[in-house]
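Please keep the sequence and the model in view while reading.

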Amino acid sequence: MDSDPDKQWFYDKISPTMVQGHKLKQVLFRGQSKFQSVEIVETYNFGKCLILDGKLQSSAVDEFIYHEALVHPALLAHPRPETVYIAGGGEGATLREVLAHKTVKRAVMVDIDDVVVQLSREHLPSYGKGAFEDKRTELFATDARAHLAQSKDKFDAIVIDLP
């Protein structure tokens, strides 16, 4: 890890009057994609974390809270969801939760940033838990809104997981 003390911490601005500091165990990736800055770090208290444009997106310790609440109400409200569209969700956890529904035959995930998807597959496999490899998954690296507008497909549910 970098010996610079400021790079051993990640500071997440929660509000204008609150900042949360996370001591880093290690930096797994720090770089820039075509669309955003991307960091994957491991912290002492929250485990592995995905950070986009300096904002914490998810952490291994509690990502399930967000992703379960995002997916299950919509899919449980439908009597038999078979086709689901996911806009965003690059770390794969939303896809994991969608595929937990046995009625789902097809999950189309569209994330603009294939770098985030690839890095998540490599460094955050516990988030997706094999969802990217599931035969029901169709993965596209393009603008989700444009992709949906051009699609002739109909979906039983659409889940939006964007920063």
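Two residues are said to be in contact when heavy atoms of theirs lie within 4.5 Å. The model discussed here is a predicted one.

Q: Leaving aside neighbours within four places in sequence, which residues are in contact with Leu 95?
A: The cut-off for a contact is heavy atoms within 4.5 Å. With neighbours within four places in sequence left aside, the residues that touch Leu 95 are Ile 86, Ala 107, Met 109, Ala 131, Phe 132 and Thr 137.

Q: How many residues does the largest nonpolar core have?
A: In soluble globular proteins, nonpolar side chains tend to be buried together. Leu 75, Val 84, Leu 95, Val 98 and Val 104 have the most contacts inside the largest nonpolar core. The number of residues in this core is 15.

Q: Which element gives the most to this core?
A: At least two residues of the largest nonpolar core come from each of helix 1, strand 6, helix 2 (93-99), strand 7 (106-110) and strand 9. The greatest contribution, three residues, is that of helix 2.

Q: Which residue in strand 9 stands opposite Tyr 85?
A: Strand 6 (residues 83-88) and strand 9 are paired in the parallel sense, over five bridges. Opposite Tyr 85, the residue in strand 9 is Ile 158.

Q: Are the rings of Trp 9 and Tyr 11 stacked or edge-to-face?
A: The structure has two aromatic pairs. The ring centres of Trp 9 and Tyr 11 are 6.1 Å apart, and the ring planes stand at 10 degrees. Planes under 30 degrees apart count as stacked, so the pair formed by Trp 9 and Tyr 11 is stacked.

Q: Is Asp 12 buried or exposed?
A: Asp 12 meets Lys 55 in a salt bridge (3.3 Å, N to O). Lys 55 lies in strand 5 (residues 55-59) and Asp 12 in strand 1 (residues 9-15), so the pair ties together parts that are 43 residues apart in sequence. Lys 55 is partly exposed, at a relative accessible area of 37%. The relative accessible area of Asp 12 is 6%, and residues under 20% count as buried, so Asp 12 is buried.

Q: Which residue does the side chain of Arg 121 meet in a salt bridge?
A: Side chains of opposite charge can pair when their charged atoms come close. Arg 121 lies in helix 3 (residues 114-123), and its partner, 12 residues apart, is in the loop between helix 4 (125-128) and strand 8. At a distance of 2.9 Å, N to O, the partner of Arg 121 is Glu 133.

Q: How many salt bridges does the structure hold?
A: One of them joins Arg 30 to Glu 39 (2.9 Å, N to O). Others share partners and join Glu 63, Arg 96 and Glu 97 into one network. The number of salt bridges in the structure is 11.

Methods. Residues numbered from 1 in each chain as written. Predicted model: local features only at pLDDT ≥ 70, side-chain atom pairs only at ≥ 80, totals over all residues. Heavy atoms only, no water. Pairing = 2+ DSSP bridges. Helix = DSSP H or I, 4+ residues; strand = E, 2+ residues; numbered from the N terminus. Phe/Tyr/Trp six-rings, centres within 6.5 Å; stacked < 30°, edge-to-face > 60°. Core = buried A, V, L, I, M, F, W, Y, C linked by side-chain atoms within 4.5 Å. Buried < 20%, exposed > 50% of the residue type's maximum accessible area, 1.4 Å probe, protein only. Salt bridge = Lys/Arg side-chain N within 4 Å of Asp/Glu carboxyl O.
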